[in-house]
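Welcome, and please open the model in your viewer.

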Amino acid sequence: MQITERSVKGGTVLMLSGQFDFTSRGTFNAAVQKAWAANCPYLLVNLEGVAFLDSAALGLLAVTNQACQAKRCRLSLLKPQPHVAELLKLANIPQMIPIHSNEEDALKMVVRA
Amino acid sequence: MAIMNHPAPDRAHASVSLPAGIEDSSAATILVVDDEPVSCTALSLKLERRGYRVLQAGDGREGVTVARREYPDVIISDWMMPEMDGLAFCEAVKADEALRPTYFILLTAHDQPEQIVEGFNHGADDFVSKAASTPEVIARVRAGLRARAMMRQLERTHQDLADSHELLVQKQEELEVDLQSAARFVRSLLPKEERPAPGVRLAWKYLPSLTLGGDLFGVVPWGDDCLGVYILDASGHGASAALRVASLVTFLRADALPQQIGSRDPGEILAALNRLFPLSEDGEYFTIWIGSLHLPTRELRFSAAGHSGSVLVRKDGHMDHLFQPALPVGFRSGTSYLTRSVTLQAGDRVILASDGLYDVPSINGERWGLARFMRAVLDSRDRPLAESINDAIVQARCWQEHPRFADDAALVGLEFE
């Protein structure tokens, strides 16, 4: 999996592409740590380029969300592909991590919060 | 035979530093073989003056005997000798496995390229002209000793690698024995009865992707009139996942439920497991589906924590997804889980699968998916339960065009008579 980062209004957007699975742990954690190190108030994980997300990746998102809460950094997910969105829905992830269909909506939400 | 014409001993020969790890060659043993005693002695003296241990032999045959007894580091041999000449001697040395690493220098008056080639073809490592100066002879001996020392280091490295490989293989075998033993334990937790209760038929397939898997299921009596049914999937696979599932299922035994959980209600059991197994630091968690079947009334009460591969296939062709979205076990403390209930009729089937079965990708990356899986078990509802289970496995394999599942896969079917 590849990750590109960019700053938007003080926060960080991580653009993920490829398969988000157990092997992505190191890459994903490094990108998240970097955002935290910059005291980023919110983190948007864009899943538009993720074709598949496995159970280990789901756990990684959950544990990242817990850590984000402890660091007062808001985590949101963006634009999951239908298969990934279905998987997130079945695991009730939207109850825990907000999922948005576009970046503008996500930014409005996090800035408002 | 020609006698070497030696210049005065050269005590100021260039010192050549050896590569790191190569031992000093000054204590090396050199075998000088020449049928001309004067030449043999003269060369030996030059070498001895430089601190080498020098052995002598009068021809190739004697040279072989001395070499097999003393294992010299370098042999300097005349070419033309009676009995066994230098070429035949060289060949004999190189044919002997124990002597093969010995650096062999042919001492010769021959300097035609075709003769040099002939010498190399017989195994010689270097040549030195009988007319060569003492510094040149010494330099060639030192070069030979360096080559010999490097070869020894290579042999040691090779031996170290061979030893390490042997140790690794041994450890791997020990680990495999442990894993097999653990796998037998995990398999011992799987259902054994084809009829776990009167009027209930059971069929299943358990296909861990490694020796040990992170999927597990069970059909266990919870009292005289109740059957507990569960399927769980620990995130990841291998030993860590298997240990976690083995740990969790101990809480689902009939004798453990009252003390550890305090309820047989599936939703309450999940809420208790959510407290007992929080998300690990590495994000490890469980998805699980739990059902409690009251045998007299055939009421199936169930709840799921992120586990969606559960379907009720009615005999009349209707289907019900036995699922509602809920967080996996450990994702958030204080999560409550809803218990739903359905009443089963004769001929109905409850099919439970792990995502390793229905999430298989085709070669172009498209997933088989829950919908196709559910369609497969619905379409085969008129066939015997075991065949229906096998058919779903076959369809998943056909979809991914590979017999082996990349993730742990489990499929359980219960049929009610």
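Helices (H or I, at least four residues) and strands (E, at least two) are DSSP runs here, numbered from the N terminus. This is a predicted model, in which local features need pLDDT of at least 70 and side-chain atom pairs count only at pLDDT 80 or more, while totals for chains, interfaces and linings use all residues. Residues are numbered from 1 along each chain as its sequence is written, with chains lettered from A and ligands numbered from 1 in the order in which they are written.

**Stop 1: chain A**

Following the sequence, their order is β-β-α-β-α-β-α-β-α. The C-alpha trace spans about 30 × 25 × 25 Å along its principal axes. For 113 residues, a compact globule would have a radius of gyration near 13 Å, and the 13 Å of chain A agrees with this (the radius is taken over C-alpha atoms, and the globule rule is 2.2 Å times the number of residues to the power 0.38). Of the 113 residues in chain A, 42% are buried. Here a residue is buried if 20 or more other C-beta atoms lie within 10 Å of its own, exposed if 12 or fewer, and partly exposed in between, with C-beta atoms placed from the backbone.

**Stop 2: where chain A touches chain B**

Now show both chains. How many residues does each chain bring to the contact? Chain A gives 16 residues and chain B gives 19 residues, where two residues are in contact if their C-beta atoms, placed from the backbone, lie within 7 Å. On the side of chain A that touches chain B, α2 (55-70) and α3 (82-90) each supply at least two residues. The most comes from α2(A), with seven residues. By class, that side of chain A has nine nonpolar, six polar and one charged (Ala, Val, Leu, Ile, Met, Phe, Trp, Tyr, Cys and Pro count as nonpolar, Asp, Glu, Lys and Arg as charged, and the others, Gly among them, as polar).

**Stop 3: helix α2 of chain B**

Select residues 60-70 of chain B, where B:G60, B:G63 and B:A67 are buried. They lie on the same side of α2(B), because they cover an arc of only 50° around the axis (the arc is that of the directions from the helix axis to the C-beta atoms). Their cover includes β1 (29-33), β2 (53-57), β3 (74-78) and α3 (86-95) of chain B. Just after α2(B), look for B:Y71, which takes a positive phi of about 45°.

**Stop 4: α5 with α6 in chain B**

Select 134-188 (α5) and 239-249 (α6) of chain B: these helices pack at an angle of about 35°, with their axes 11 Å apart. Axes are lines fitted to C-alpha atoms, for helices over the stretch in contact, and angles run from 0 to 180 degrees between N-to-C directions. Show B:L179, B:A182 and B:V186 in α5(B), which meet B:A239, B:A242 and B:A246 in α6(B). This contact has six nonpolar, no polar and no charged residues.

**Stop 5: a loop residue**

Finish at B:E281, in the loop between α8 (266-276) and β9 (286-294) of chain B. Is B:E281 buried or exposed? B:E281 is exposed, with 9 other C-beta atoms within 10 Å.
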